[in-house]
Amino acid sequence: MIPTDNGQTKTANKHTLSVLVNYNLNALSRIIGIFSGKGFEIDSVSFGPGEESGLARITITTHGDEHIIEQITKQLNKIIDVVKVNDLTYDHFVERELALVKVAATASSRTEVMQVAQVFRAKVIDISPEKLSIEVTGNRDKVDAFIGMMEPFGISQVARTGTVALKREYSGSV
Amino acid sequence: MNHLKAQRLEQGTNDQPVEASETHVMNGAEILINTLEDLQVDTIFGYPGGAVLPIYDKLFDCHDIRHVLIRHEQAGTHAADGYARATGKPGVVLVTSGPGGTNTVTGIATAAMDSIPLVVFTGQVPSGLIGNDAFQEADIVGITRPITKHNYLVKDVDDLEHVIREAFHVATSGRPGPVLVDLPKDMLNTEGRYSGLKKISMPNYNPVTQGHKSQIQKAADLLSKAKKPLIYSGGGAILGEAWEELTAMAERLNIPVTTTLMGLGAFPESKKQSLGMLGMHGTYYANMATTECDVLLAVGARFDDRVTGRLDGFSPHSKKIHIDIDPSNIGKNVEVEVPIVGDVKNVLPQIDELTEKPDTEEWWKTINKWKEEHPLKVAKSDDTIKPQHMIEEISRITKGEAVVVTDVGQHQMWAAQHYNFNHPRSFLSSGGLGTMGYGFPAAMGAAFGCPDRPVVCITGDGGFQMTAYELATAVEYQIPIKIAIMNNNCLGMVRQWQELFYDKRYSHSILKKGNPDFVKLAESYGAAAFRATNPKEMNEVLEKAMEINDRPVVMDFKVEEHENCYPMVPSGAALDEMVEGDEE
């Protein structure tokens, strides 16, 4: 992500691709191989069973200019095991990422950490005298922001799922 | 097996599915052989080893499939590739696990870059041992993933038949390419079902073959109004068997045609519309026409860097139409105004039908002037064999009717420039990957596929030595290919670049000290062999060689060692910035 002059984040070249693929590791390797072999970027990737048995849905977030994204989409479509590639960026879509953040929280800082977590609607899922483990869900920006807010307290571990996304069914004005 | 075949015959032409109840149980090796027979595979290039012994045991009694025992798996893969390019049918390779598989890698990558249909069967250690670093184990599916169109590891013997059928379908449809099937040894010994059903179910694999109507109309409109149109035709016109459509269209509309290295032969060079090859070592007039044209019709070509030269100087004034069966080729290197995804064989005649003959009279005047003033130069000498002269003589003596197979380097470019190509599937060369060592085994494969056509391998002293051991195979099977070694005692193209761009510092490009006596080498295998050191001897040797029909012939032509290949577009230059040759 590239910060712009007015402090906003430029997201125009970020793309979220939803790829429906036959559920096998050869297919997953081929998909990742396209990125490493052809010099494309992966910002996050998540892989899990799709709605139909035998199929997996892979959500990939990537970035690049139009030309690169077009090549990525075409190259993915060429993979025999790929059923469908959707660039959700051109649609209305919902995206979520889940992160588990283990942060230092002693008696003196614990309350403050938990207050920040509350603002992000994050949940404390493990607690010890020295540390808290917190679950936060949201789009990538929100998760980034939460991790940023936790940093001053001392983060010891982060595990992120990567973005998952689906096309919005109803996108008309209410 | 005979029983099965009889059954299939009774069922007529086999388009009707066999009843499910007639499924037969047999072991995996038999399923493989039966399926290959059913797919009308007539030739396999292979090398046995532990993991594939069950298949070799079945091959021992199989008379419908000819197994060619090559001497190295890389050469076997090139041979299957040459067979595929010459015949249009998929090439089939069978090798063992581990090193058998890894040796095929260069051959598979060569085929992948040039979109050649291959099906490579590799043995694998038994399923239970996979991942244990078993003897002769290699993750060949992982290794070949980026260089295959698709690959399979068979995990259930009941999947074997349909995997094989799918593999052939994938290899030969859409943009063709190599497919690998990895066969764990236990799959070959275990009993499974063989149905004989020809149906392939791949609902998600549907290459687009019909071009978009409105795009076709746009292309026709552009061509009708063009003042300076040019057709730039690539390997796709040959793979898509669109040579007749291409020739008909170019002749009717009187549009000049330039072909890529891979496209040579798709348009007869004897026709007046032919400009020969374009690109780094293309003709002056082809490169100038590409630079000056106002409408460029790309037919099954992919705007490779050896074709375009510097991209911002490539055909800067033209509107571009690009027909390709692979959408990822379109807009990859060069932006085009009219992209058409489809099979060139379907699309070309539709464009032809909608196009009004453009007025190209002025354009032809310009082109003919270029042709007159800047022809390809053929140096000739009475004392030494000039490489270009060597190619011209081969072209003359074979009347332009041979299948010409090359290695990579200067001889390849001279062959492309100076052999008179008038037929498709007649110039086989590793264009994309540039694989030295390809020529001889590929020529052998072509000869297995086309026993009635003369096959000439034009190679160099460097390239020939990379796969020369296949003389054993060619002698064993009495393959009468003519191997013409353009022997300049060096890696000619490397030497040329070192002369021109590295201050004549000939680092490790001179082979003179180690080169064998090629005549003795060939004779030790039982091949016929001759040497020529001047043009007179060259003609005599060629005449003698053409008479030999029962074994390979090696011709060691000692050519001028310091000849450079021109025209040449230096790396990073635009096509019209080509260098035309040394000052005499």
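This is a predicted model: local features need pLDDT of at least 70, side-chain atom pairs count only at pLDDT 80 or more; totals for chains, interfaces and linings use all residues.
**Figure 1. Chain A at a glance.**
Let us start with chain A, which holds 4 helices and 11 strands. Its C-alpha trace spans about 55 × 40 × 40 Å along the principal axes. Chain A has 174 residues, and 25% of them count as buried. Looking at contacts in chain A with a separation of 6 or more, 70% come from residues 24 or more positions apart.

**Figure 2. Where chain A meets chain B.**
Here the view turns to the contact of the two chains, to which chain A gives 12 residues and chain B gives 11 residues. On the chain A side, two helices to look for are α1 (25-38) and α2 (66-78), each of which supplies at least two of the touching residues. By class, this side of chain A has 2 nonpolar, 6 polar and 4 charged residues.

**Figure 3. Helices α4 and α6 of chain B side by side.**
Now find helix α4 (residues 73-87) and helix α6 (residues 105-113) in chain B, whose axes come within 7 Å and cross at roughly 25°. The two helices, α4(B) and α6(B), are therefore roughly parallel to each other. From α4(B), the residues that take part are Q74(B), T77(B), H78(B) and D81(B). They meet T106(B), G107(B), I108(B), T110(B) and A111(B) of α6(B). Sorted by class, the contact of α4(B) with α6(B) has 2 nonpolar, 6 polar and 1 charged residues.

**Figure 4. A covered helix, α6 of chain B.**
Staying with α6(B), we find a helix that is mostly covered, with 7 of its 9 residues buried. The buried residues are T106(B), G107(B), I108(B), A109(B), T110(B), A111(B) and A112(B). What do the buried residues of α6(B) pack against? Their partners in chain B are α4, β5 (118-124), α7 (140-144) and β7 (178-184). After α6(B) comes S115(B), a residue with a positive phi, near 55°.

**Figure 5. Helix α4 of chain B meets α19.**
Helix α4(B) has another helix to show us: its axis and that of helix α19 (residues 439-449) of chain B come within 6 Å and cross at roughly 50°. That makes α4(B) oblique to α19(B). The crossing of α4(B) past α19(B) is right-handed. On the α4(B) side, the residues in this contact include A75(B), A79(B), Y83(B) and A86(B). Among those they meet in α19(B) are P441(B), A443(B), M444(B) and F448(B). The contact of α4(B) with α19(B) is made up of 11 nonpolar, 5 polar and 2 charged residues.

**Figure 6. A parallel sheet of six strands in chain B.**
In this view, 6 strands of chain B form an open sheet with parallel pairing, and you can trace them in the order β11-β10-β9-β12-β13-β14. Which strands stand at the edges? They are β11 (274-277) and β14 (338-341) of chain B; each has a single partner strand, so one side of each is left without a neighbour in the sheet. On average, and with direction ignored, neighbouring strands of this sheet are turned by 15° against each other. Within the sheet, strand β9 (residues 229-233) and strand β12 (residues 295-299) of chain B run parallel and are joined by 5 bridges. One residue pair to look for is S233(B) with its bridge partner V299(B) in β12(B). Helix α13 (residues 284-292) of chain B packs on the sheet, where it touches β9, β10 (257-259) and β11 of chain B. The direction of α13 makes about 105° with that of β11(B).

The last stop is strand β18 (residues 482-487) of chain B, in which 6 of 6 residues are buried. In a regular strand, side chains alternate between the two faces of the sheet. In β18(B), K482(B), A484(B) and M486(B) point one way, while I483(B), I485(B) and N487(B) point the other way. Strand β17 (residues 455-460) of chain B runs parallel to β18(B) and is joined to it by 5 bridges. In this pairing, K482(B) of β18(B) has V456(B) opposite it. Strand β20 (residues 553-558) of chain B also pairs with β18(B) in the parallel sense, over 6 bridges. Here M486(B) stands opposite F557(B) of β20(B).

Methods:
Residues are numbered from 1 along each chain as its sequence is written. Chains are lettered from A and ligands numbered from 1 in the order in which they are written. Two residues are in contact if their C-beta atoms, placed from the backbone, lie within 7 Å. Ala, Val, Leu, Ile, Met, Phe, Trp, Tyr, Cys and Pro count as nonpolar, Asp, Glu, Lys and Arg as charged, and the others, Gly among them, as polar. Axes are lines fitted to C-alpha atoms, for helices over the stretch in contact, and angles run from 0 to 180 degrees between N-to-C directions. Angles under 35 degrees count as roughly parallel, over 145 as roughly antiparallel, 65 to 115 as roughly perpendicular and the rest as oblique. Two strands pair if DSSP finds at least two bridges between them. A residue is buried if 20 or more other C-beta atoms lie within 10 Å of its own, exposed if 12 or fewer, and partly exposed in between; C-beta atoms are placed from the backbone. A crossing is left-handed if the near helix is turned anticlockwise from the far one by less than a right angle, and right-handed if clockwise.
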